[in-house]
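Dear colleague,

I am passing on the structure below, and I would be glad if you could look through it before reading my notes on the strands and helices.

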Amino acid sequence: MTSNQTNSGQFPPDTPDLEDDDIPSGPEMEALEAELPSLARIRRFAVAAERVDWFAHVGEHPGPRTMDMAEHYVDALGFPDARVALVTDWAEAAAAAETLDFDSSAWEAEEQLRSALTMDALELMSEDALQVALTHVAATITNPIKTSAEEALAIWDEPTDEMLDLAVGSAVQACHQAVLVLAAGAEEDHPFALRFRLFEGGRWPIGVAGLSFNLF
């Protein structure tokens, strides 16, 4: 086999010549390789999140595993004295979600966790890569979450207006938080990971207000 035959079997005939500036440097290649495992995990997460039965078990009496996870979540979040308060219907869930705006302690705890995860993630990947990952997940899961929420509300014969926005927004936020956990390489029992798993089980973990963790 001639040299020309070998080349024609391996490369397109019109492959352009690369300028030196087009070739990634050694450090650039190493940085890209370092980001790939995290980005691959996040892509798999987005695919799995599309298949979650969002809100499929809201209002049902939770089993021991769900209760244990909920209690573990509030403890990890920094509210060991909070108790799980079971929400029984969508109207109560909407009211509980709206009261979160008046309880800054839980919001501040989540913001501190979000900030810490973001800083840890940026040690492992570039800011651009993290933003692309977050945007990709949001674009992938928002419509499936909305569809599931509409179906759940229809089963309960509830109007799909303000309650829909509250439920979808909360679930999308949980996915955002879960992506940060993956990007930062945090532990599986991180509060944000636990919160996502409660959603994954078909529940709506609304949030901590006072000494109650409202779980629908």
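A detail to begin with is that Ala209 stands opposite Ser212 in S3. The model is a predicted one, and please keep that in mind throughout. S3, which covers residues 212–215, pairs with S2 in the antiparallel sense, and 4 bridges join the two strands.

These strands belong to an open sheet of 3 strands, whose order is S1-S3-S2 and whose pairing is mixed. Strand S1 (83–86) and strand S2 (205–209) are at the edges and have a single partner strand each, so one side of each is left without a neighbour in the sheet. From one strand to the next, the twist averages 25 degrees. Helix H4, made of residues 90–99, lies across S1, S2 and S3, and its direction is at about 50 degrees to S2.

The other finding concerns two helices. Helix H7 (residues 162–184) and helix H8 (residues 191–200) have axes that come within 8 Å and cross at roughly 135 degrees; H7 and H8 are therefore oblique to each other. The crossing in which H7 passes H8 is left-handed. On the H7 side, the contact is made by Ser170, Ala171, Gln173, Ala174, Cys175, Gln177, Ala178 and Val181, while H8 contributes Phe192, Ala193, Arg195, Phe196 and Phe199.

Methods:
Residues are numbered from 1 along each chain as its sequence is written. This is a predicted model: local features need pLDDT of at least 70, side-chain atom pairs count only at pLDDT 80 or more; totals for chains, interfaces and linings use all residues. Side-chain values use heavy atoms; hydrogens and water are left out. Axes are lines fitted to C-alpha atoms, for helices over the stretch in contact, and angles run from 0 to 180 degrees between N-to-C directions. Angles under 35 degrees count as roughly parallel, over 145 as roughly antiparallel, 65 to 115 as roughly perpendicular and the rest as oblique. A crossing is left-handed if the near helix is turned anticlockwise from the far one by less than a right angle, and right-handed if clockwise. Contact means heavy atoms within 4.5 Å. Two strands pair if DSSP finds at least two bridges between them.
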